Amino acid sequence: MVEVRNGGKIQDHKWKEVRSGRSLTSESVTTTGPAVLIAFWFGDAGVSQQTAAPNNAFEVLESLLISEPILQVAVAAKKVSGA
């Protein structure tokens, strides 16, 4: 779930699925002004230990990346001052 507070709209979004054993590079999104960008990573636990290593000034907010019978997840965000 994502709650948007004091925001006008969700400007853009992308979804990309990568099969096990391959690395993932996020798709690009376009903003029209200052924005908060949020990234989610999901992976099947019990298959392999997943990792989430954001770059480009993204900061991990929360993650659950243990090798248990669960869905692994990580959430990262960054603020941008303009388009």
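Strands are DSSP runs of E of at least two residues, numbered from the N terminus. In this predicted model, Lys78 is found in strand β3.

**Sheet**
- Three strands form an open sheet in the order β1-β3-β2, and their pairing is antiparallel.
- The edge strands, each pairing on one side only, are β1 (35-44) and β2 (59-64).
- From one strand to the next, the twist averages 15 degrees.
- Strands of a sheet pair through backbone hydrogen bonds, in either a parallel or an antiparallel sense.
- Between β1 and β3 (residues 71-80), the antiparallel pairing extends over 10 bridges.
- Phe40 stands opposite Val75, a residue of β3.

**Lys78**
- Lys78 is buried but has no salt bridge.
- The side chain of Lys78 reaches the backbone oxygen of Asn56 at 2.9 Å.
- With neighbours within four places in sequence left aside, Lys78 is in contact with Ala35, Val36 and Leu37, as well as with Asn56, Ala57 and Phe58.

**Ile10**
- Ile10 and Thr31 lie 21 residues apart along the chain, and their C-alpha atoms are separated by 9.4 Å.

Methods
Residues are numbered from 1 along each chain as its sequence is written. This is a predicted model: local features need pLDDT of at least 70, side-chain atom pairs count only at pLDDT 80 or more; totals for chains, interfaces and linings use all residues. Side-chain values use heavy atoms; hydrogens and water are left out. Two strands pair if DSSP finds at least two bridges between them. Helices (H or I, at least four residues) and strands (E, at least two) are DSSP runs, numbered from the N terminus. Axes are lines fitted to C-alpha atoms, for helices over the stretch in contact, and angles run from 0 to 180 degrees between N-to-C directions. Buried means under 20% relative accessible area, exposed over 50%, partly exposed in between (1.4 Å probe, protein chains only). Lys and Arg count as positive and Asp and Glu as negative; His and the chain ends are not counted. A salt bridge is a side-chain nitrogen of Lys or Arg within 4 Å of a carboxyl oxygen of Asp or Glu. A polar contact is a pair of N or O atoms within 3.5 Å; within protein, one must be able to donate a hydrogen and the other to accept it, and residues adjacent in sequence count only if both atoms are side-chain atoms. Contact means heavy atoms within 4.5 Å.
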